[in-house]
Amino acid sequence: MAKFEGVLLQILSALKTDVEDYCDLETVDGNTIVANDGSLASIVRFHGTKSVLSRDRFNRMIGLLEQSMSVFLSSRGHQLQFVFRRDLDARETLDANAQQQHLSAERVQLDMHDLIDENTSKYAQYVYDEECYMVFWSRPALLDPTEVRMANSEVAEFRKSHDFPTIKTAQNILRPISYLYDRHVGYVSKVCDDLLSPEFGCSIERIDVTEMLRAVKRSVQPDLTARNWSAAIPGTRIPMRWKNNSDMRDASEILYPSLPRQIMVANAEIGARKNSLLPDPATVRIGNRVYAPLIVEIPPRDPQTFNVLFNALNRAETREAGQVRALPYSVSFMIESDGMGVLGWKLIFSNLLGMTSEINRNINLAAKALSEEKRDGACIVKLRIAAMTWASIGEEGVKELTLRKSKLWRLLEGWGSATVIERTGNPMVAFQSNAVGLTWKHIGNAAPAPLYDALSMMPLTRPASPFPSGSCAFRSLDGKILWYQRFSSEQTTWITLYAGKPGSGKSVLMNNSNVEACILPGLTRLPYIGIIDIGVSSSGFIDLVRDNLPEQLKYLAIYKRLQNSDTDAINPMDTPLGKRDCLPRDRAFLVNFLTTLATPPERRGKAYVGMSAFVGRMVDLAYKRKSDTYEKAQPERYKRNFDAFVDAAVAKLGFHVMPATTYWELVDAMFSAGMIHEAEVTQRYAMPTLNDLVAVASDKEIVDEYGPVKTDTGAAIPDVFRIGIREAINDYPIFKTHTKFDIGSSRVMALDLQDVALIGSDAAYKQTALMYMIARQAFMKKVAFSQEDLPFIDPIYRPYYSRLIADIVDDYKVLCMDELHKTGGHELLCLTLMTDGREARKWNLEIVLASQLMSDFGELTKIATSYFILDSGTEETRRWMRENIGLTDTEESALINYVHGANAHGATFLARFVTKNAVYSQLFTSTIGPMRLWALSTTAEDRKLRSLLYSKLPGNVARSLLAHRFPSGSCKAVVEKLKMETSGTTEFIDDEVFSSIIDRIGKDILSDYYNTAALAG
């Protein structure tokens, strides 16, 4: 009876009386799927190509792939399925990233949830859910008859020796054929390894078997498959099931349930003309969707790349929930070995009937042509193609499906003159062929094709992120999500260059990147971000962070406009807490900085020969003189009433001050008492200053030793140094005395150099470079610590620094410098940044530099790892990039054709990444929503209106109102228009009139808000 039931079940399955019968998967073996005939399958996610593709590069890639695969497809047994799917709604992917950002925002207490949600909604308008899978099949036909007999014998012996029970509705865990496994793994590994090599430049993901089965199920029921769904398979826990049959030999319920039962969970309904909701007999409903599968009866006579088909389908419009979107579809290709077998019988009959049939003679001629190609070394394969589109169930959905089906049909036939038909008998078979890895069978009509031509038609041309995953969302111009991974392990270090003329969107992109850095997935506290800028472009970002932190944490974000006065004094010779001299890395900076001070402006940063070595000696002597650890030193003594904060700290400490008490004694005592901040402030007065350097350089011993040493102008080095430092003391009050400005405990800071950075003359470039250098030091002295520094720390302070380094070592850190061209390419500033770039990784630091031209970065382009190019430039600027950063012809063409600055849909730019394996490039488009634009805007009009609303309403409410009233992200155009109208009724347009216009707009917005709230209440 049991045998009869088993035979009956097999018959019913062959007749496909149940939806589960359309899934031919049986179980798993290691990291492969096993089909019910013993075939093995591995599924690989194909993300696309990592760089902009030219036709030549595409042809080279196809040629290499043909060489890789022809070894396996020259004989029977191997198959490769490509399934490309593009759906309308990509929110699930965007939401998953947004959820991580929401969690980070909560942990760092940054109330930017409205901006995170807006970013998701904004990108959802432009992007699509796009996936491409490669399914590698290895069939039992690979085995010779002896291996098949041996495998069957081994299974029979196992069943007999272990009294193995029957398993009618469970996975047959004995189905895998051991002799097939190694061949299959070799097939998959060889092709995947080749695709991952830099020569191919592809991005693929070898997923585990759990993810494979999830991909299969999602292709069948995308709306019903959770992102974390996993099948019950060998290696996982067996689910509890109640035995529901009387056959005691059947152990199905205590083993893993069948894969078809786990995957095909929704009923399928085939259309019928009498069914008003499903009138098309060539459609099938599964779950909440109705599918219209199509079959390519005759493949394209003139093979074209998949990109041609993709672009045509991308232009085909459809409507979904009232919005105009591109057509949803999937295309399935099956490439099988033994392509000449398709013509075997046809060739025999065409020879017999050739005299009476012109068609048969044509078949004969075609077969001979393919035979000649095969004889010349070409691999001939079988190619099958199917496609389908879908719509939601319901009356409107069915109507829309009719339109979608006709568009897909028409565009497929226009793709190289293919012939397309529909399956009216059983569309479920056609649907089965369009699913990912559901079966090794494919309903498409088999056609012989050279492997090169077949591969040229595969979906291999889509852009992919150069990174396996990402935290910042961008998009391609045609709607694919592209991820950018900050602090990626794929790169040796993180040096990012932004180049773009004014108005290209450079500052907005940088500010938005800094916003994203504050909510990177996994953060537990704000990263360290130091921005050095000329102007107020970074103030919007700082305001956004500060305004959205709780009151007790607002100190974490500061914006400071530096002045060249002693009120903002920053002593370049400051050292870390407890250090009597500077760390080696700080010494290198200090030597560069002081050398710049001592170098006349007209030399444009080119130091005198021998000056750097002399400066280094002066630095060492100055620290020794002010230290308390040398016998002949002259450490600074404590001065009462010199600094009220220090006086209060001394009183709190209860230290008995003597006339000879030094600041270093107080620093050590405060540190021992746990008064860390007080010790840091007190230490400022123990430090040498520029005047001390002049004094050291004036010592008779130094003059005698270095007096004979001349510069290239003939002057003595000590004289040149003293003159240069004295002039600096006079010209730069900000450097001449003990530190008064410090970023304190802030983690996000912006230093605006508008009032201290000049342009035009040589002196101006020198001053600007110096200000960039000192601003950089103000940030770096807070974050640039590593384990390598510990041997240089006094043992008393070493435990403190060990804890500090452990505390900040994993924190992300970002140093941004904008408007770098205004430094005039200062040689010593570039040298400082080059040194930072080489050591940045050990500090977990990303260096971000921005300027108008890529050539402004000079030697820094040689160590940069990311380039964001935001305008197409001129022939001259592109030639410089060709010669210095290796800009390819394809990249140059992309710049000229697509990179033209920001518009209403975003800013498209060329993103270029240097990874450990290769250099990759892609066209990225950044699309920022109006609320975030409002939050980051720095125009005077926007800042004033934003401040007015922020003072009256919560930040998220204010941003929402501003975005609703001004969806462009700015009120500047409206204010300008109102100014023009006002100019006819008033004599002058002054600040008072400007303010009144802003106030009027603000009052109108507030009035509308309060009136709406009152009506709702």
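## Exercises on packing and salt bridges

F735 touches I570, P572, F593, L597, L690, L770, M771 and I774, where residues up to four places away in sequence are not counted and contact means heavy atoms within 4.5 Å. The structure is a predicted model, in which local features need pLDDT of at least 70 and side-chain atom pairs count only at pLDDT 80 or more, while totals for chains, interfaces and linings use all residues. Residues are numbered from 1 along each chain as its sequence is written, and side-chain values use heavy atoms, with hydrogens and water left out.

**Exercise 1.** Determine which residues touch the most other members of the largest nonpolar core.

*Solution.* Begin with the term: a nonpolar core is a set of buried Ala, Val, Leu, Ile, Met, Phe, Trp, Tyr and Cys residues joined through side-chain atoms within 4.5 Å, and buried means under 20% relative accessible area, exposed over 50%, and partly exposed in between, with a 1.4 Å probe and protein chains only. Of the 112 residues in the largest such core, L597, F721, F735 and L753 touch the most other members. The largest share of this core, 10 residues, is supplied by helix 25 (residues 762–783), helices being DSSP runs of H or I with at least four residues and strands runs of E with at least two, numbered from the N terminus. Apart from this core lies another one of 77 residues, among them A105, F474, F487 and L523.

**Exercise 2.** Locate R776 and D836, and state whether each is buried or exposed.

*Solution.* First, R776 forms a salt bridge with D836, the closest N and O atoms being 2.7 Å apart; a salt bridge is a side-chain nitrogen of Lys or Arg within 4 Å of a carboxyl oxygen of Asp or Glu. Next, R776 lies in helix 25 and D836 in helix 27 (residues 827–839), so the pair ties together parts that are 60 residues apart in sequence. Finally, R776 is buried, at a relative accessible area of 5%, and D836 is likewise buried, at 3%.

**Exercise 3.** Describe the salt bridge of R45 with E211 in terms of distance, location and accessibility.

*Solution.* The closest N and O atoms of R45 and E211 are 2.7 Å apart. R45 belongs to strand 3 (residues 40–49) and E211 to helix 7 (residues 209–220), so that distant parts of the chain, 166 residues apart, are linked by the pair. R45 is buried, with a relative accessible area of 13%, whereas E211, at 21% relative accessibility, counts as partly exposed.
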